[in-house]
Structures are given as C-alpha cells and as structure tokens.
Amino acid sequence: MIDFPAMILYLAATAFTPGPNNLMCMYLGANYGLKGSRKFIVASMGSVFVKALLCGLLNVALAAVIPSVVPVLKWAGAAYMLYLAWTMLKSGTKKEEAAEKQGESTYSAGILLQILNMKSWVSALSLFSVYVVPYTTALWAIVTGAGIMLALLIAASLSWCLFGRAIKNVYNQYKLPLSIVMALSLVYCAVTAVL
C-alpha cells in the first residue's frame, strides 16, 4: 500500500527547498510580482506535471535509459542555471523595464528550466520508484502521485514568488547585491548538479 504521508512529506521537502525553479520564482516575484511571473510559473508547473506523468508511466523504461541520459541532463541543466545566474546578475544593474524585455518570465523559459532541472527529474523519478511503483502500477496511482507533486510545487512556486514580491522594496534598494546572492545561489545549484 502506498504510504501517502511519507510520499507527501518527501514531495513537500523537495518542493519547498531552494532550487532553480524556486530561486527563479523569487527573482521574478521581486521584479514583476505574481502577475508578471505567471507565464513562467504556468509553463514550469505544466512541464513538471508532464514530467511526473512520464516518469510514472515510463518508470521501468526510464530506469534503463536514465544512466546514459543523466550526465547529459546534468551538464545541460548546469549550463542553463549558469545562464539564468548571468541574466540575474545583469538585471541587478538595470531598471525593471529593461529586465522585463529580456523575456525571463516566459512560457519557454519555464518549460526549458523544467526540462533541464535535475532536481525535479530526480524528485519525480524518486516519487515513483520509491513511493508508487513498488506498490502499484495502476494509472490512478501514477496520476495521483503526479497531481500531489504538482499541487505541492504550485504552492512552493507561489510562496517563493510572493516572498520575492514581499521583499521587492528591499530588493530594489539593494538590487545588485541581492542579484549577486541569487546568481551565486544558482551557480551553487549548477555546481552541485554536476558533482
């Protein structure tokens, strides 16, 4: 039988801890607020749900393929995180209007982040390989697991975005140092992704 409390606790821990998606949500919230971040969040969350369904439906096949794909995804994800860190760093020296024209809060940015986000790949693979597939391969269980993961990630993304919005005045006052800290946090995520 699926241990739903343990699964939910695991997913909550992975959803709310800092990672590329949460850092981007905080950054976008500080720059554009929740409304201006919606394209990124919608695309990111839609991509996570599709990713979770794929991991659940193809868990056995992915287990055979993943060892060869992981190094490529790790390096591609790390490179994209470094790119995001660079855009954060550059935006720390620009006015808000100029940063918005860079297209940071777009559907494609949210999708690309999730395609390359190793944290959510590992989370989705672990969800199904540890908490679901050993107990059942029923479609309802896979959809339920993906739905729970999505709900927690939406809550986490909105929380990080609202936190970014809440610190907007502080962020605007100390835009460069805070952009540097957030960029360095993404660099840390990139480095730990490939180690």
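The chain has 9 helices and 0 strands, where helices (H or I, at least four residues) and strands (E, at least two) are DSSP runs numbered from the N terminus. This is a predicted model, in which local features need pLDDT of at least 70, side-chain atom pairs count only at pLDDT 80 or more, and totals for chains, interfaces and linings use all residues. Residues are numbered from 1 along each chain as its sequence is written, and side-chain values use heavy atoms, with hydrogens and water left out.

**Exercise 1.** Describe the aromatic pair of the structure.

Solution.
Step 1. Rings of Phe, Tyr and Trp (its six-membered ring) pair if their centres lie within 6.5 Å; planes under 30 degrees apart count as stacked, over 60 as edge-to-face and the rest as tilted.
Step 2. The structure holds 1 aromatic pair. Its members are Tyr 10 and Tyr 131, with 5.5 Å from centre to centre and 35 degrees between the planes, so the pair is tilted.
Step 3. Tyr 10 belongs to helix α1 (residues 4-16) and Tyr 131 to helix α6 (residues 118-132), so the pair ties together parts that are 121 residues apart in sequence.

**Exercise 2.** Is Tyr 131 buried or exposed?

Solution.
Step 1. Buried means under 20% relative accessible area, exposed over 50%, and partly exposed in between (1.4 Å probe, protein chains only).
Step 2. Tyr 131 has 18% relative accessibility, so Tyr 131 counts as buried.
Step 3. For the chain, 46% of the 195 residues count as buried.

**Exercise 3.** Which elements line the largest cavity?

Solution.
Step 1. On a 1 Å grid over the protein atoms alone, a cavity is a set of points where a 1.4 Å probe fits but cannot get out; lining residues have an atom within 4 Å of a point. Grid points are joined across faces, edges and corners, and a volume is the space filled by probe spheres set on the points.
Step 2. The count comes to 1 cavity of 30 Å³ or more, and the largest cavity holds about 120 Å³ of space.
Step 3. The largest cavity is lined by 14 residues, and the closest to its centre are Thr 14, Asn 117, Lys 119, Ser 120 and Leu 153.
Step 4. Elements that give two or more residues to this lining are α1, α2, α6 and α7. The largest share, 4 residues, comes from α2.

Conventions. 1 Å grid on protein atoms, 1.4 Å probe; cavity = no way out; pocket = protein on both sides within 12 Å on 5 of 7 lines; lining within 4 Å.
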